[in-house]
Amino acid sequence: MMDRIQQGPGPITKESLKLWFKHHLKYTLADDKFSATQMDHFISLALSVRDHLVNKWLATQQSYYENNVKRVYYLSMEFLIGRLLTNNLINLGLYDEYKMALEELGHDIREMEEAEVEAGLGNGGLGRLASCFLDSIATLGIPGYGYGIRYEFGIFYQKIIKGYQVETADNWLRVGNPWEIPRPRSLFPVRFYGHVETTQNAQGEKEYKWVDTQDVMAMAYDIPIPGYRNDTVNNLRLWSARSSRELELDFFQAGDYFQAVQNKHESEIISKVLYPADHNQLGKELRFKQEYFFVCASLSDIIRRYKKRHDSFDEFSDKVAIQLNDTHPALAIAELMRILLDIEKMPWAKAWKITVNTFSFTNHTILPEALEKWSIDLFRRVLPRHLDIIFEINQYFLEQVQEHYPGDVQKMSRMSLIEENHTKYIRMANLSIVGSHSTNGVAKLHTSILQKEVFSDFNEMFPGRFNNKTNGITPRRWLKACNPGLSALITDYIGEGWIRDLSEIKALEKYVNEPQLIDRWKKAKHDNKKRLAWYVKDTMNEDIDPDTLFETQIKRIHEYKRQTLSILYAISLYNRLRKNPDSIGTPRTPRTIMFSGKAAPGYAMAKLIVKLINSIAGTINADPLVHGKLKVLFLPNYSVTLAEKIIPASDLSVQISTAGMEASGTGNMKLSLNGALTVGTLDGANIEIMEEVGKENIYIFGLNADEVMEKKQSGYSPREVYNQNPELREVLDMIHQGYFCVQQRNLFHPIVESLLNEGDHYMVLEDFQSYCDIQDKIGDAYLDADSWAKTSILNVSRMGKFSSDRSIKEYAEEIWNVPVNPKYP
């Protein structure tokens with residue numbers, strides 16, 4: 001047995017897979033069938049799967065070196081990778097083989113899948129998009145690497161206690177991570193604080209030295225990322241902070257044990273938690289240090305790899321493409337300049353040309369509060385050399401602006417990298433645009449708003465630099481893995497080609513009127529709804545009826561995403577049912593309205609919205625008058641794993657952000673691909689989904705982006721809307737008067753105030769009646785089960801555009817200049 005083990009996994013047979021699993025249980029975990037737990041079985045399975053990944057990973061990396069390829073580096077603060085077992089087995093083409101092998105050993109692979117702890121490496125759409133992109137980069141055979149931070153505790157684990165969100169530590173690493181490979185030899189110093197010394201070299205040129213710094217070490221952890229059945233395995237490298245001095249022995253010997261490890265504690269806190277609360281100065285500084293920590297380590301690693309084959313930087317931008325996923329990694333621009341100027345002694349103009357040609361930037365937001373900026377005081381204290389370099393970049397750039405637009409002081413002020421207010425700030429979005437050769441939005445509408453409004457000055461000065469790359473999702477995870485029943489049904493009709501090329505799913509449309517497909521489609525959805533009902537009963541002790549319409553709004557809690565609008569509609573529905581439970585005018589379609597999502601710990605209004613949802617749910621669900629007709633639930637601790645349960649079971653996908661404020665959204669794509677119909681505004685990727693599936697197969701309501709702007713400019717009065725709509729007035733009065741919280745009747749006053757007396761910035765009241773009207777149409781449509789199923793089939797069959805493979809192909813060809821599916825010797 002040991003001889004076979006030492007040779008590697010070898011030929012893939014049922015017996016070899018059983019042997020490999022048992023080997024890790026015995027020799028890696030030192031367990032046997034008498035003492036092993038379900039977690040031990042999962043870890044043994046994961047390690048055996050990882051062995052197959054490592055074989056392909058080593059071969060992939062070697063081929064990249066041998067062929068001197070151009071590499072793509074994707075820098076992101078988040079990678080919401082989810083559980084990896086199922087996805088890795090599917091991409092390796094080994095899922096069925098392992099399933100049978102484990103069954104013969106008396107194990108259920110589904111139980112092992114449920115034992116896996118989800119990695120706490122992200123929070124929302126930004127991190128999930130990054131993970132979909134890594135899957136597609138590998139599937140398309142592109143030499144690509146992800147770089148991020150190995151957060152020890154992720155963002156937080158959300159509990160709901162008495163209706164309130166309570167954040168607890170997400171200790172996802174408590175049993176280790178079997179997928180990661182520690183790289184203690186891949187250790188790079190990261191410097192903070194200190195000051196800059198200026199000297200002159202023999203040629204009389206100024207040279208700069210960053211001295212008296214406090215150093216932290218960045219240690220690499222690698223997670224293999226397999227492509228779909230193509231032998232490519234790329235790499236996600238995550239950095240963990242380590243102290244440069246583990247123990248101060250002098251303090252320890254003197255009995256000051258706390259001081260002896262103080263340096264270790266202060267260093268390693270950098271990679272403890274994703275997005276530390278930044279409402280205080282210490283939190284801001286820690287987040288700033290996190291951003292520099294990971295870009296500094298990543299650039300050190302990128303340059304190390306480049307120098308293995310190159311003696312100069314002349315080909316750097318021909319061999320290296322770095323994509324900045326939003327502004328969090330923007331410090332990489334200043335860091336590369338520092339390396340080229342101070343270490344490589346390169347002339348400024350040459351260094352800047354290489355930098356701009358290397359970087360590209362993806363913008364994910366138009367909300368002013370989400371466009372990062374850091375105070376100059378913080379910069380000066382933590383990264384003094386980088387501040388000097390940014391000043392130089394700004395001077396060089398503003399000279400260009402002055403040449404293009406002589407005397408236009410206002411334009412120079414808007415475009416400057418420095419915001420000149422009482423407190424001066426560095427605008428990281430402006431730095432990202434100026435320091436990159438490409439800036440892309442993530443949906444057509446979003447990109448148009450960037451070009452015409454948010455960054456119109458830059459778009460005018462840099463024609464062609466702005467472009468659109470509509471987001472996408474990987475069909476391997478978001479249909480094949482999470483919805484095996486529906487994916488098997490689709491494969492029965494059109495074959496497996498859609499898994500690799502989602503455009504092939506279009507072939508399903510020709511069967512839309514076939515009775516057998518319609519019946520099987522309805523059964524697949526109902527089975528998924530029953531599974532979700534079992535989960536809800538098991539975890540929340542709540543009963544939900546799979547025969548009701550499952551309406552889901554699952555996303556980060558934020559005012560612009562308008563969970564509040566869904567709440568107001570739920571109350572109006574409740575009122576109609578209470579007053580006329582059996583009349584013809586009441587809604588005939590029973591509904592289960594489900595919410596899930598996390599509110600940022602420092603976002604008080606979002607956390608109050610969570611409480612409002614739960615208070616309303618408590619009232620509605622306890623009322624016998626509406627039993628069996630309406631139920632409202634908030635499912636706690638939203639995650640990839642929970643999404644994989646909710647999405648296949650959803651009938652109606654709620655995508656109702658204020659038009660013009662959502663960059664793209666990818667939850668809308670996932671739900672539609674799994675057969676949910678969409679109710680939404682003309683915002684983000686909803687517009688493109690409508691264009692693909694057809695206006696008749698999606699439920700669009702409310703103001704569009706232009707109308708939102710016009711309404712605000714013309715003097716929008718939410719109080720007037722309130723006065724003119726009796727149903728809306730009753731709903732808001734119930735909230736204001738404490739109907740849903742009799743113990744503290746003024747608890748939800750801030751929400752009502754924001755809607756009535758503080759401008760209703762997100763146009764919730766303006767869109768209320770339109771939303772109620774479209775929901776009435778949806779309720780009627782759901783009563784015709786066959787027609788609803790046909791529309792669901794059409795939605796799925798027309799979602800081919802929204803594959804992340806298509807997105808990445810566009811990035812590769814139009815931004816990174818790398819081949820797709822290259823053939824290496």
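This is a predicted model: local features need pLDDT of at least 70, side-chain atom pairs count only at pLDDT 80 or more; totals for chains, interfaces and linings use all residues.

Q: At what angle do helix 26 and helix 33 pack, and how far apart are their axes?
A: The angle is about 115°, and the axes lie 9 Å apart. Helix 26 covers residues 604-621, while helix 33 covers residues 749-756. The crossing of the two is left-handed.

Q: Which residues make that contact?
A: Helix 26 brings Met605, Leu608, Ile609 and Leu612, and helix 33 answers with Pro750, Ile751 and Ser754. Sorted by class, that's six nonpolar residues, one polar and no charged ones.

Q: How do helix 13 and helix 16 pack?
A: Helix 13 (residues 331-343) meets helix 16 (residues 384-404) at about 95°, with 9 Å between the axes. That angle makes helix 13 roughly perpendicular to helix 16. On the helix 13 side, the contact includes Ala334, Glu335 and Arg338; on the helix 16 side, it includes Arg385, His386 and Glu392. By class, you get six nonpolar, one polar and five charged residues here.

Q: What about the cysteines: how many disulfides does the structure hold?
A: A disulfide is a covalent bond between the sulfur atoms of two cysteines. In this structure there are zero.

Q: Is Cys296 buried or exposed?
A: Buried means under 20% relative accessible area. Cys296 has 3%, so it is buried. Cys741 is buried too, at 7% relative accessibility.

Notes: Residues are numbered from 1 along each chain as its sequence is written. Side-chain values use heavy atoms; hydrogens and water are left out. A disulfide is a pair of cysteine sulfur atoms within 2.5 Å. Buried means under 20% relative accessible area, exposed over 50%, partly exposed in between (1.4 Å probe, protein chains only). Axes are lines fitted to C-alpha atoms, for helices over the stretch in contact, and angles run from 0 to 180 degrees between N-to-C directions. Helices (H or I, at least four residues) and strands (E, at least two) are DSSP runs, numbered from the N terminus. A crossing is left-handed if the near helix is turned anticlockwise from the far one by less than a right angle, and right-handed if clockwise. Contact means heavy atoms within 4.5 Å. Ala, Val, Leu, Ile, Met, Phe, Trp, Tyr, Cys and Pro count as nonpolar, Asp, Glu, Lys and Arg as charged, and the others, Gly among them, as polar. Angles under 35 degrees count as roughly parallel, over 145 as roughly antiparallel, 65 to 115 as roughly perpendicular and the rest as oblique.
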